[in-house]
Amino acid sequence: MRRRIVYAVLPWFVTAGCAAHHLGSTMVAGNAELVGPGVISTELPEFATTMTPDGHTLFFNRASADRSKLTIMMSSRRGEQWTVAVAAPFSGQYRDVDPFVMPDGRRLYFTSDRPRPGRPVSMNFWYVERTADGWSEPRDAGDPINSDSTDIFVSISRSGEMLFNSTRDGPRRVYQSSIRAGAWRGPVPVSFGSVIDAGNPMISPDGRYAILVRVAPGAKADLWTSCRTPDGWAEPQPLIAANSPYAEFAAGFGAGAHELYFTSERPGIVGALPDSIRPPSDLYRIRLEKGFPGCR
């Protein structure tokens, strides 16, 4: 059994808490389903999903067997079927991870080690914009969102609130920004209750809660939820419907926020492996209750 997840460019560890309901109880309907067996989830490691607002296109990461190559892939939904995934037109040359489509569908952010003129090489944010012909060429997200350190895993609510992980001030933690007059404000560190070492911060489209990753001492990565309160983010609670004895991380919402996609190293396409071998991760989803009662 895997006890810890260590992705070279992915943040993990997280927490979350809600007042009346949380995703581990009445908010979830049904069991976790493997996404696109053989066409999305394969024998290679897949992780980190995002979906266009119309629900037709899923972007996600696929790694090479040795995890040295990281590519953003895309697949289209035809009813309940997915097309064979192909590399996104803006990915494939560099190590590109953690795609996120903004709620209006006009821009897709991702993290990449592609060179930034005059800046040190590190994992930072880039974006592409939707055009009449597809997606634009990647553009450096720039200051103040990017730093000279590692900046990874961004998510944005409909109101323009951004959460992401960064090591700009030392240890990796979550930072928060918001957009004003078309520009991002200077990010500030944020905690979730008593938790300051959260990872993979995925804010809900309505901004009422966040899905996080947390690695408890001596344990493996799990998904947690944190609700927004008048005093900030609440103490996290485990996302019981998604978690397993294996590592779970990198959650993303489906169209309308009625599905939650996530990454798991539980036995999937490849099946159970010896404890000495890290299993490839697959993509799973759980259905959320319609209307999502969730956090108050």
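R119 and D148 form a salt bridge in this predicted model. Their closest N and O atoms are 2.7 Å apart. R119 sits in the loop between strand 8 (107-112) and strand 9 (124-131), and D148 in the loop between strand 11 (139-140) and strand 12 (151-156), so the pair ties together parts that are 29 residues apart in sequence. The count of salt bridges comes to 20. Side chains of opposite charge can pair when their charged atoms come close.

- R119 counts as partly exposed because its relative accessibility is 28%, within the band between buried (under 20%) and exposed (over 50%).
- D148 is also partly exposed, with a relative accessible area of 44%.
- R208 and D206 meet through their side chains in another salt bridge, at 2.7 Å from N to O.
- R208 has 24% relative accessibility, so R208 counts as partly exposed.
- D206 has a relative accessible area of 35%, so D206 is partly exposed.

**A buried pair and a network**

- K220 and E248 form a salt bridge, with the closest N and O atoms 3.9 Å apart.
- K220 lies in the loop between strand 18 (209-215) and strand 19 (221-229), while E248 lies in strand 22, so this pair ties together parts that are 28 residues apart in sequence.
- Are K220 and E248 buried or exposed? Both are buried.

**The largest pocket**

- The largest pocket holds about 280 Å³ of space.
- Its lining has 20 residues, and the closest to the pocket centre are M51, P103, P205, F253 and G254.
- Which strands each supply at least two residues of the lining? They are strand 2 (46-51), strand 7 (96-101), strand 17 (199-203) and strand 22 (248-253).
- Strand 2 gives the most to this lining, with three residues.
- By class, the lining has 13 nonpolar, six polar and one charged residues.

**A nonpolar surface patch**

- I269, V270, L273 and I277 make a nonpolar surface patch of about 280 Å².
- I269 lies in the loop between strand 23 (259-264) and strand 24 (282-288).
- I269 counts as partly exposed because its relative accessibility is 33%. Patch residues need over 30% relative accessible area.

Notes:
Residues numbered from 1 in each chain as written. Predicted model: local features only at pLDDT ≥ 70, side-chain atom pairs only at ≥ 80, totals over all residues. Heavy atoms only, no water. 1 Å grid on protein atoms, 1.4 Å probe; cavity = no way out; pocket = protein on both sides within 12 Å on 5 of 7 lines; lining within 4 Å. Points joined across faces, edges and corners; volume = space filled by probe spheres on them. Helix = DSSP H or I, 4+ residues; strand = E, 2+ residues; numbered from the N terminus. Nonpolar A, V, L, I, M, F, W, Y, C, P; charged D, E, K, R; others polar. Patch = residues over 30% accessible without salt bridge, like charges linked within 9 Å, V, L, I, M, F, W, Y side chains within 5 Å. Areas by Shrake-Rupley, 256 points an atom, 1.4 Å probe, with all protein chains shown as cover. Salt bridge = Lys/Arg side-chain N within 4 Å of Asp/Glu carboxyl O. Buried < 20%, exposed > 50% of the residue type's maximum accessible area, 1.4 Å probe, protein only.
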